[in-house]
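Dear colleague,

Please find the structure below, handed over for your files.

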Amino acid sequence: EKGTYPHFMLKEIDEQPFVIRKIIQEYQDENDDIKLDADIRNAMKECDRIYIIAAGTSYHAGLLGKQFIEKLANIPVEVHVASEFSYNMPLLSEKPLFVYISQSGETADSRSVLVQTKELGHPALTITNVPGSTLSREADYTLHLHAGPEIAVASTKAYTAQMAVLAILAVDTARAKGIELDFDPMQELGIVANAMEALTDQKEELEDLAREYLPVTRNCFFIGRGIDFYVGLEGSLKLKEISYIQAEGFAGGELKHGTIALIEEGTPVVALATQENVNYSIRGNVQEVEARGANSMIISMKGLDKEGDAFVIPHVHEILTPLVSVVPLQLISYYAALHRDCDVDKPRNLAKSVTVE
Ligand code: M6R
């Protein structure tokens, strides 16, 4: 039920802080340790490489999951689009673990890979919002997202839930491997939930940005470096899916290798600047597109912000910024679609779960 909300998408965006708190509760035991099935812990610890398989928004969460697992737990991770992996399987390591990320647990492209990797005898873990789903039943292990039903075709709360669960899994694996971390995931996710709540209270400001930057444009670019780049990919998918604006996410440094040719007078460019190590260089990329006439907006994080930034998110742990920086992108996409009279919850040509290959 939508209750007083005009659309499920808006309701689901607003639910994100509660979903993160629910995940903290579900994945923590009485001693404040991470609560996770011992078999999953062992599978993570024993493998020599993780292969994440997913589609769409879940694939974007996988790209960030790779960052968490590699940086915290020191295990190499490959992330693959399910529909590509099916017929173009890379060389596998000796002890692979397959991780399927799927909100619905019904995506046919991912299932087809699962069938193949099971046949090869490789263990599989499904991370899903629907525990009884096909991908959950057919995998060896399941991690539940606890996000509650997601109705809008555009995925929002499942994406942030996927990243939260992946971060917890990464920390649990690191601890199981005896890696000392200066990072308490539950405490940091609590800070993330509060930051999300603050952002969902800033809807008017974000609606104004959508009105100012995206009123009649046919296209829009999202740029970022490092993990901001991956969030930009998700921001661009959200925008194109519901507003039909042609949107592309690019790595800031890659623009000059071709794409910058598309920048014209007034082209909107959304730049994410939440990472200290690339703050200077992404701002340099913004100057490059501005010099070619772009109408750019910088979304930065408190502590790294500069005068003139269009929007500043609250400060959270650097590795968890995607969970927070995506919220303004979700809301800007929502309002851009609304201003264009698009069917926000049921965009044309799309289904909530894609059960055909
Ligand atoms: O249910 P899944 O997570 O497997 O779905 C994968 C994609 O179809 C899905 O994320 C799609 O890209 C969304 N509509 C994006 O908002």
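A residue is called buried under 20% relative accessible area, exposed over 50% and partly exposed in between, with a 1.4 Å probe and protein chains only. By this criterion S110 counts as buried, because its relative accessibility is 1%.

The model is predicted: local features need pLDDT of at least 70, side-chain atom pairs count only at pLDDT 80 or more, and totals for chains, interfaces and linings use all residues. Residues are numbered from 1 along each chain as its sequence is written, and side-chain values use heavy atoms, leaving out hydrogens and water.

S110 belongs to helix α6, which covers residues 108–119. Leaving aside residues up to four places away in sequence, S110 is in contact (heavy atoms within 4.5 Å) with A54, A55, A82, Y100 and L135.

For the chain as a whole, 13 helices and 10 strands were assigned; these are DSSP runs numbered from the N terminus (helices H or I, at least four residues; strands E, at least two). The C-alpha trace spans about 55 × 45 × 45 Å along its principal axes. Of the 357 residues in the chain, 58% are buried. Among contacts with a separation of 6 or more, 76% join residues 24 or more positions apart.

Yours sincerely
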